Amino acid sequence: MHSDRTQVAIIGAGPAGLLLQQLLRLGGVESVVLERQTRAHVEARIRAGVLEPGTVALLEKAGVAGRLHREGLVHEGVELAVDGRRFRIDLRELTGDCVTVYGQTEITHDLFAAADAHLSPIVYEAEHVLLHDLDGERPYVTWEKHGVDHRIDCDHVAGCDGQHGASRAALPTGVTHLFERHGSAAWLGVLADVPPCAPELIYAESPRGFALASMRSSTRSRYYLQVDAHDALEDWPEARFWEELARRLGPDAAAHLTPDYALERSIVPLRSHVIEPMQWGRLFLAGDAAHVVPPTGAKGLNLAAADVGLLADALIAWHKGGGASLLATYSGRALARAWKAVRFSWWFTGLTHRAAGADPFDLQLQRAELDQLRTSRAAQTLFAENYVGRFA
Ligand code: APR
Ligand code: PHB
């Protein structure tokens with residue numbers, strides 16, 4: 001058994017784990033990241049792409065925002081299309097803030113580059129990760145790699161290993177409460193090297209279902225369609241996807257679509273979970289390990305970053321003699337923000353998606369709320385504040 005020691009053992013090299021490691025390093029706290037997959041596997045993931053100002057600020061604090069500012073697209077508004085009729089919500093005018101379009105894949109690359117530059121230790125292909133003695137003062141983590149058993153002793157464990165990770169499994173039953181919601185729909189996503197059909201994102205509600213026109217750059221687009229949760233990629237040949245996308249986005253956007261082959265296609269279900277509390281003993285959860293939101297509100301990555309900002313400050317305070325109060329209150333503070341993001345994400349999903357077999361009365365309520373969002377400054381201000389991540 002190989003043994004080692006660090007101050008914080010971070011489980012997972014996704015955005016949460018990698019960002020936490022860099023923020024801890026800058027605060028003088030040592031950490032080791034334990035990642036189940038290879039680096040290439042992690043770097044190849046295609047995920048979200050809209051950053052709140054708070055997330056950009058944290059990436060700046062971590063010293064990894066240089067390329068983001070050079071290549072990211074600053075968006076001052078978003079559009080909604082209701083049965084093809086579009087209206088814009090002016091984020092900048094309503095909140096003074098905007099969002100930045102920059103793929104999570106790029107953030108991962110930037111964080112890996114920082115880890116390389118600062119020799120931040122990351123163990124890849126760490127199998128059978130297990131967390132031990134979390135309720136004591138000397139927790140430790142074990143794993144296996146290439147048939148060799150390893151152990152690392154630490155002061156704290158950060159569970160940044162997503163919704164299927166080892167950290168969630170380490171929480172004792174009876175201590176936590178899992179809140180879950182499973183939607184009846186899913187998102188079929190396509191990434192293609194074609195110019196975006198519009199300068200800003202378009203969230204489209206139509207009798208045929210939801211569609212989203214997003215982007216990664218001026219030459220790379222990201223499109224989504226609401227599909228049934230039981231659909232498979234085989235049910236959606238590329239020609240069918242582009243034809244349906246055009247119908248749902250409406251004629252103006254459709255006229256600017258340039259169908260081409262997909263670099264990547266995937267179907268993800270609309271679902272949520274939230275674990276309370278997000279900490280137990282010396283284990284602290286952050287990101288998807290603690291909560292998953294439907295992608296409609298673009299909150300997954302931003303919530304992960306918000307958790308990490310709180311957790312990094314709390315761990316640095318503890319390790320630098322600033323006491324344990326920030327750690328003791330971490331879960332409550334993180335959950336207060338998480339639930340507001342979960343609420344917004346499900347509200348926005350319900351507003352823009354067509355539930356299978358929707359009650360006609362509910363459809364009328366949906367259309368009335370969309371019309372109020374189109375005409376009411378107050379409604380648009382609340383939307384804009386949620387979208388930029390300003391959860392009062
Ligand atoms: N042991 C070690 N590593 C693990 C384990 C395990 N048992 N289980 C999962 N992992 C790793 C995964 O391989 C992944 O690299 O933990 C990492 C978790 O990363 P994410 O799932 O990306 O979660 P997070 O860092 O919280 O970022 C949330 O990522 O998936 C998107 O939509 C999500 O945008 C959101 C963001
Ligand atoms: C994306 O570009 O992947 C994206 C953008 C906005 C969302 C969800 C996903 O709400």
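Which residues lie nearest the centre of the second largest pocket? Select Thr349, Gly350, His353, Arg354 and Ala355 in this predicted model. These five are among the 17 residues that line the pocket.

**The pocket**

Strand β14 (177-192), helix α12 (330-352) and helix α13 (360-375) each give two or more residues to the lining. The volume of this pocket is about 380 Å³. Colour the lining by class, and seven residues come up as nonpolar, seven as polar and three as charged.

**The three-stranded sheet**

Next, select β4, β8 and β5. They form an open sheet of three strands, in the order β4-β8-β5, and the pairing is antiparallel. β4 (50-51) and β5 (73-75) are at the edges; each has a single partner strand, so one side of each lacks a neighbour in the sheet.

Zoom in on β4 and β8, where two bridges make up the antiparallel pairing. Valine 50 is found opposite valine 101 of β8.

**Threonine 100**

Stay in β8, which covers residues 99-101, and pick threonine 100. Is this residue buried or exposed? Its relative accessible area is 12%, which is under the 20% cut-off, so threonine 100 counts as buried.

Now display what surrounds threonine 100. Beyond its neighbours within four places in sequence, it is in contact with Gly49, Val50, Leu51, Val56, Leu68, Gly72, Leu73 and Val74. Val50 in this list is the residue that stands opposite valine 101.

**Two positive phi values**

Go to aspartate 83, in the loop between β6 (77-82) and β7 (85-90). Its phi is positive, at about 50 degrees, although the residue is not a glycine. Aspartate 83 is partly exposed, with a relative accessibility of 47%.

Then select alanine 298, in the loop that runs between β21 (291-292) and α10 (300-319). Here too phi is positive in a residue other than glycine, with a value near 55 degrees. Which side of the burial cut-off does alanine 298 fall on, buried or exposed? At 16% relative accessibility, alanine 298 counts as buried.

**A cis peptide bond**

The last stop is proline 277, in the loop between β18 (264-276) and β19 (279-280). Show the backbone from glutamate 276 to proline 277: the peptide bond there is cis, and its omega is near -10 degrees.

Conventions: Residues numbered from 1 in each chain as written. Chains lettered and ligands numbered in written order. Predicted model: local features only at pLDDT ≥ 70, side-chain atom pairs only at ≥ 80, totals over all residues. Heavy atoms only, no water. Helix = DSSP H or I, 4+ residues; strand = E, 2+ residues; numbered from the N terminus. Buried < 20%, exposed > 50% of the residue type's maximum accessible area, 1.4 Å probe, protein only. Contact = heavy atoms within 4.5 Å. Pairing = 2+ DSSP bridges. 1 Å grid on protein atoms, 1.4 Å probe; cavity = no way out; pocket = protein on both sides within 12 Å on 5 of 7 lines; lining within 4 Å. Points joined across faces, edges and corners; volume = space filled by probe spheres on them. Nonpolar A, V, L, I, M, F, W, Y, C, P; charged D, E, K, R; others polar.
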